[in-house]
Number of protein chains: 2
Amino acid sequence: MSSGRLDIIGLGPGPERWLTMETPAILALATDVIGYGPYLDRVRARAGQKRHASDNREELARAYNALDLAADGAHVAIVSGGDPGVFAMAAAVFEALETGEEKWREVEIAVHPGVSAMLAAAARLGAPLGHDFCAISLSDNLKPWSVIEQRLRAAAMGDFVMALYNPASKARPDLIHDCFALLRELKAAETIVGFARAVGRPDEKLTLTTLAAADPALADMSTLVLVGSHATRSFEARGRRWIYTPRGSGTR
Amino acid sequence: MSSGRLDIIGLGPGPERWLTMETPAILALATDVIGYGPYLDRVRARAGQKRHASDNREELARAYNALDLAADGAHVAIVSGGDPGVFAMAAAVFEALETGEEKWREVEIAVHPGVSAMLAAAARLGAPLGHDFCAISLSDNLKPWSVIEQRLRAAAMGDFVMALYNPASKARPDLIHDCFALLRELKAAETIVGFARAVGRPDEKLTLTTLAAADPALADMSTLVLVGSHATRSFEARGRRWIYTPRGSGTR
């Protein structure tokens, strides 16, 4: 049997309006769609198309499954929320491809970029990522606290705006509190902090505050946390608050 | 006259397939479209819609113009390449809004996220942004070398994957060479480096190399430079090379 193909797709933060234009056609061509259940639920069911839901923790297993199906001739779409390359399935697929079965290497592969949670959260809050920034995932169970600490220290030293992904950990509920305690040692009390929950979805909730006043408990599993640089500013217009980081901003 | 509205839009890296689904409808509703000429050229002309092209360096002036028109009742779309919040027009608009004329504050404003150059470049190269990363703009004439140096040192200390925007500067042609000289002091010779030029466009060019072998002269004004972390890997499948950063990767 000839090898099929694997399209690695990002569905954006939620609403269909933030899909890329190419996404519906790519999904329509797939014989098999694979993903974490809640993301798969966002893909319209099509007659004759097989759907493979899996648990969120089983990323490598999901990648193996996708490559196996594609190596047997299927046209597989594997879906992530946001962008597939940012803390999502693309890296798992390439890890599987590099280290796994020889026949998988014959599969034709394409990664299709999407709107990441960070970009959507920033848009809803203003323009906090208007100058140099970094993205740090707090979720990985394989990542020791020492690594997270090193990255937060480096990000503070460089005065980067920070986008903190996956701030709530079931395995380590104290983690986000530890992060904020460290950030409060490293950065000014008046540093702007934003919590962007379920961006673009009906239960969206945006909270703007300062590092001193921020309640880390606001960060659940659907929340992206933005921590400003020294230059990130806040102001009000038409009864709502916006934040932005000026393009020309230097550093401390 | 009642105030109009201002939609801040990102057109993605180039091809229409990477626009978000909502973008054509938002552009169609605008009475006025404003942007740097080459981005404006990507917007389909519509009868009765006014187009305002401006030079790339005049970001604040462009934001003033957009807010002026909207304050007078126009329905304005201001367009950037990539995502409007990443080194693009959204921050300029909010800076103008905070510091400018009182009447501008009555304008209804929305930022619409897009696919950033970094995400598209990463997708074409594999999944280099699969773990913690940062984005640094090298373009800003207001940014002294000391700030760029501080950010590159911090990014290296944190072992972040780096996306370097706007690496080629007419005013400072040596800048990218200085950056690579510094990175060679800070990071291992075999660190993976990718040059992604004109991603998604007919003249797209992807180059994968190492920090030791990289030729900084490859980075022109249409190039995004990706510099790996210690964990970023490279392998071949179906005759092409992919790079990725494993999700579980720690640091040095």
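What follows is a working chat about a predicted model with chains A and B.

Visitor: Before we start, what kind of model is this, and how are things numbered?
Guide: This is a predicted model, in which local features need pLDDT of at least 70, side-chain atom pairs count only at pLDDT 80 or more, and totals for chains, interfaces and linings use all residues. Residues are numbered from 1 along each chain as its sequence is written, while chains are lettered from A and ligands numbered from 1 in the order in which they are written.

Visitor: What is the mean pLDDT of chain A?
Guide: The mean is 94, and 96% of the residues of chain A reach 70 or more, where pLDDT is the predictor's confidence in each residue, from 0 to 100. The model as a whole scores ipTM 0.96 and pTM 0.96.

Visitor: OK, chain B then. What is the strand order in the open sheet of 5 strands?
Guide: The order is β3-β2-β4-β1-β5 in chain B, with parallel pairing. Helices (H or I, at least four residues) and strands (E, at least two) are DSSP runs numbered from the N terminus, and two strands pair if DSSP finds at least two bridges between them.

Visitor: Which strands are at the edges?
Guide: The edge strands of chain B are β3 (50-54) and β5 (108-112), each of which pairs on one side only. Neighbouring strands of this sheet are turned by 15° against each other on average, with direction ignored.

Visitor: And what packs on that sheet?
Guide: Helix α3 of chain B, residues 59-71, packs there and touches β1 (5-10), β2, β3 and β4 (75-80) of chain B, and its direction makes about 160° with that of β4(B). Such axes are lines fitted to C-alpha atoms, for helices over the stretch in contact, and the angles run from 0 to 180 degrees between N-to-C directions. Contact itself is counted when the C-beta atoms of two residues, placed from the backbone, lie within 7 Å.

Visitor: How many bridges hold β2(B) and β3(B)?
Guide: Strand β2 of chain B, residues 32-36, pairs with β3(B) in the parallel sense over 5 bridges, and Asp32(B) stands opposite Lys50(B) in β3(B).

Visitor: What about the open sheet of 3 strands?
Guide: That sheet of chain B has the order β6-β13-β12 with mixed pairing, and its edge strands are β6 (126-127) and β12 (233-237). Strand β6(B) runs parallel to β13(B), residues 240-244, with 2 bridges joining them, whereas β12(B) and β13(B) pair in the antiparallel sense over 5 bridges.

Visitor: How many residues lie between β12(B) and β13(B) in the hairpin?
Guide: There are 2 residues between them, and Arg238(B) in the turn has a positive phi of about 50°. In the pairing itself, Arg233(B) has Tyr244(B) of β13(B) as its bridge partner.

Visitor: Switching to the contact between the chains: how many residues does each chain give?
Guide: Chain A gives 65 residues and chain B gives 66 residues. On the side of chain A, the largest share, 7 residues, comes from α4(A), and by class that side has 35 nonpolar, 14 polar and 16 charged residues. Here Ala, Val, Leu, Ile, Met, Phe, Trp, Tyr, Cys and Pro count as nonpolar, Asp, Glu, Lys and Arg as charged, and the others, Gly among them, as polar.
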